[in-house]
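Hi,

Here is the structure I promised to send over. Have a look at it first, then read on for what turned up in it.

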Amino acid sequence: MGRYFGTDGFRGEANRELTVEHAFKVGRYLGWYFGQNKKAKIVIGKDTRRSSYMFEYALVAGITASGADAYLLHVTTTPSVAYVVRTEGFDCGIMISASHNPFYDNGIKLINAAGMKMEAGVEEKIEEYIDGRIGEIPLALRENIGRTVDFSAGRNRYIGYLISIATRSFKDKTIALDCSNGSASAVAKSVFDALGAKTMVINNEPDGTNINTNCGSTHIDVLVDFVKKNQVDAGFAYDGDADRCIAVDGDGNIVDGDGIMYVCGNYMKEQGQLSSNTVVTTVMSNIGLYRAFEEHGIKTEKTAVGDKYVCENMMRNGYCLGGEQSGHIIFSKHATTGDGILTSIKVMEAVVEKKSTLKELTKGLKIYPQILINVKVKDKIAAMEDSQILGLEKEVSEELGENGRILLRPSGTENLVRVMVEAETDEICRKQAEKVADLLKSKYGA
């Protein structure tokens, strides 16, 4: 993990940790790096945050000043940028978004020509340029200055691609979508309307400051209430850039990323589509998911937290389904990143094909109680190397035995240490998690 780029891009509060000067330099370096032997093409998408427009213009200025052409998708989803990059011959893509963070944060996510997260080596070079550790790069002159091109057609092609993936009509199905006042507002409803669903949409009126505010996948209770009141077949909530999805069944029960992998993994196995009978998860997935998969003869592999690592494992081993409990689900036959809208389509495909309900399809999954405590710390690296903290972690692990587990990990984007405990009861979870969290706070609390 670098000084600026974490597991999911360069993220921070706009005009504090992430400034227009940073964005300009990112654009300058990328335009030069990919344009050393040709005229480079870089495509940019953004979410609905007020600051996204500011960062878009700064990136464009940097890219074109270095001689590359900048293509603008405007407000769109992260997976749409990944799709356009790999299908339209771009050298790289940029998504301006802080995902599920509040509106005053923003981020710059870099996507390589294959539609995957940018290589760490390139991000390291950008960091060196930002910090002035490498020499100034040349400015383009005269006819070599880059152009800015409106490329909203790229987003429309992505919408058409999503519609083409569906193998079943959703006619006679009522589906609720919570667009989080973010990127999905520009895409999701048109996809489900085209597939024949009766589509009911909430939180799809972005104003620049309401993205993720009491809505979307991080405030799932809003969709739960809507589903219960309106008697829909299923609901899907997205985050700010629509690369994650949390589902709600017709009775208002939450189906998180683990539940979605369970439904889709079983369905794909039945259809003979689950390569190597394996699903890739992160270490955050629930014990209950692993035990349920074992009962269905499905194997699993675990990676570090981050859909980047899930995707790398899937591509390396030829697996076709993987994801995170938080709702980043990757269907590698169709996409190279988590894609919330695609995930919704695949879940509904299973529901329609099985002539069932989402509640019925999750029946065999028993989720163990889990608690996650985020502890703000002054130094997450020191905290994770502290022998007293590691000793307490080991002690808790031994107490939980086979019927639970504890996981400590530093956040990839914030100065946090996350304490996650799973156990047979909520009481045990809270007691053990608070024990470790209290020690972290007393020694390293910010």
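Before the details, one term: a residue counts as buried when its relative accessible area is under 20%. Also keep in mind that this is a predicted model.

Let's start with helix 8, which covers residues 257–270. Its 14 residues reach 20 Å from the first C-alpha to the last, close to the 20 Å expected at 1.5 Å a residue. How many of those residues are buried? It's 12 of the 14, so helix 8 is largely enclosed by the rest of the structure. The buried ones are Gly257, Asp258, Gly259, Ile260, Met261, Tyr262, Val263, Cys264, Gly265, Asn266, Tyr267 and Met268.

At its start, a side-chain oxygen of Asp256 comes to within 3.0 Å of the backbone nitrogen of Asp258. Just after the helix, Gly272 has a positive phi of about 70°.

Helix 3 is mostly covered too, with 8 of its 11 residues buried. Those are Thr78, Pro79, Ser80, Val81, Ala82, Tyr83, Val84 and Val85. What covers them? Strand 3 (41–46), strand 4 (69–75), strand 5, strand 6 (105–111) and helix 5 are among the elements that do. Just after helix 3 comes Gly89, with a positive phi of about 75°.

Now for the aromatic rings. Searching the whole structure gives 15 aromatic pairs. In one of them, the ring centres of Phe90 and Phe151 are 5.6 Å apart and the planes are at 70°, so this pair is edge-to-face. Phe90 is in the loop between helix 3 and strand 5, while Phe151 is in the loop between strand 7 and helix 5, so the pair links parts of the chain 61 residues apart. Phe90 and Phe151 are both buried.

The charged end of Lys25 sits over the ring of Tyr129, 5.9 Å from its centre. Elsewhere, Lys346 lies over the face of Phe331, at 6.0 Å from the ring centre.

Happy browsing!

How values were computed
Residues numbered from 1 in each chain as written. Predicted model: local features only at pLDDT ≥ 70, side-chain atom pairs only at ≥ 80, totals over all residues. Heavy atoms only, no water. Helix = DSSP H or I, 4+ residues; strand = E, 2+ residues; numbered from the N terminus. Expected span 1.5 Å × (residues − 1). Buried < 20%, exposed > 50% of the residue type's maximum accessible area, 1.4 Å probe, protein only. Polar contact = N/O pair within 3.5 Å; in protein donor to acceptor, adjacent residues only side chain to side chain. Phe/Tyr/Trp six-rings, centres within 6.5 Å; stacked < 30°, edge-to-face > 60°. Lys NZ or Arg CZ within 6 Å of the ring centre and 35° of its normal. Contact = heavy atoms within 4.5 Å.
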